[in-house]
Amino acid sequence: MAGVVDKSALLEKELKSHSDLLMQKETIVSQLTCDLEIAHSNQRTTETRLNDLRRQQEKDSNEQSRVTKSLTETETEKDQLQAEVEGIRDALIDLKSELEASRGEEIDLRNQLEVALLENDQLNFAINEMTEEQNKARHQFGEQMKQDQSLVSLLFHHCHLYYQ
């Protein structure tokens, strides 16, 4: 019985741990989603800036070297942001997969907990039945002892009379 109770407690503890891990992963997914939106916004801002710089280059040829340098930096930044967006997107996909797997594990743990609780209920029922049987046996034993004591007293009385 203690093994089932321990198993139930362990399963509840493991379920709690998986639930906490699931909440942490959901928080990370939420944060990565926000980061992805910020990265998209930054990318759009960078693309707008890049377009502005290209127009300025056409209008002002005297500052061409400065604009060319800035354009190169902006394109590098755009590539870095694009790589960051792709990295965040891949991480988000991985975390969503892990989240789904964790949900499956949580369901399995809940099912195991339900089975353990049912087994615990069955054991408690069996213990109650055994307790009732022990109480009946004790009562019968007590009754038998009373009868045996009466027989021993009667036998002792007859023996006493016989030897007198």
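Mentor: Contact here means heavy atoms within 4.5 Å. Keep in mind that this is a predicted model, where local features need pLDDT of at least 70 and side-chain atom pairs count only at pLDDT 80 or more, while totals for chains, interfaces and linings use all residues. Residues are numbered from 1 along each chain as its sequence is written, and side-chain values use heavy atoms, with hydrogens and water left out.

Trainee: What makes V29, L32, L36, A39, V85, I88, L92 and L95 a nonpolar core?

Mentor: The term covers buried Ala, Val, Leu, Ile, Met, Phe, Trp, Tyr and Cys residues joined through side-chain atoms within 4.5 Å. Buried means under 20% relative accessible area, exposed means over 50%, and partly exposed is in between (1.4 Å probe, protein chains only). Those eight residues form the largest such core. Helices α1 (2-59) and α2 (64-163) each supply at least two of its residues. Helices, by the way, are DSSP runs of H or I with at least four residues, numbered from the N terminus. There is also a second, separate core of five residues, including L11, L15, L109 and L113.

Trainee: Why is K25 with E98 called a salt bridge?

Mentor: The rule asks for a side-chain nitrogen of Lys or Arg within 4 Å of a carboxyl oxygen of Asp or Glu. The closest N and O atoms of K25 and E98 are 3.5 Å apart, so the pair passes that cut-off. K25 lies in helix α1 and E98 in helix α2, so the pair ties together parts that are 73 residues apart in sequence.

Trainee: What makes E26, E100 and R103 one network?

Mentor: Salt bridges that share partners join them. R103 pairs with E26, with the closest N and O atoms 3.2 Å apart. That pair links distant parts of the chain, R103 in helix α2 and E26 in helix α1, 77 residues apart. R103 also bridges to E100, where the closest N and O atoms are 3.0 Å apart. R103 and E100 are three residues apart in helix α2, so about one helical turn separates them. The structure holds eight salt bridges.

Trainee: Why is E100 called partly exposed?

Mentor: Because its relative accessible area is 48%. R103 at 33% is partly exposed too, and E26 at 34% gets that label as well.

Trainee: How do you know that E106 is buried?

Mentor: Its relative accessibility is 12%, so E106 counts as buried. E106 is found in helix α2, and E106 touches L15, S19 and L22, not counting residues up to four places away in sequence.
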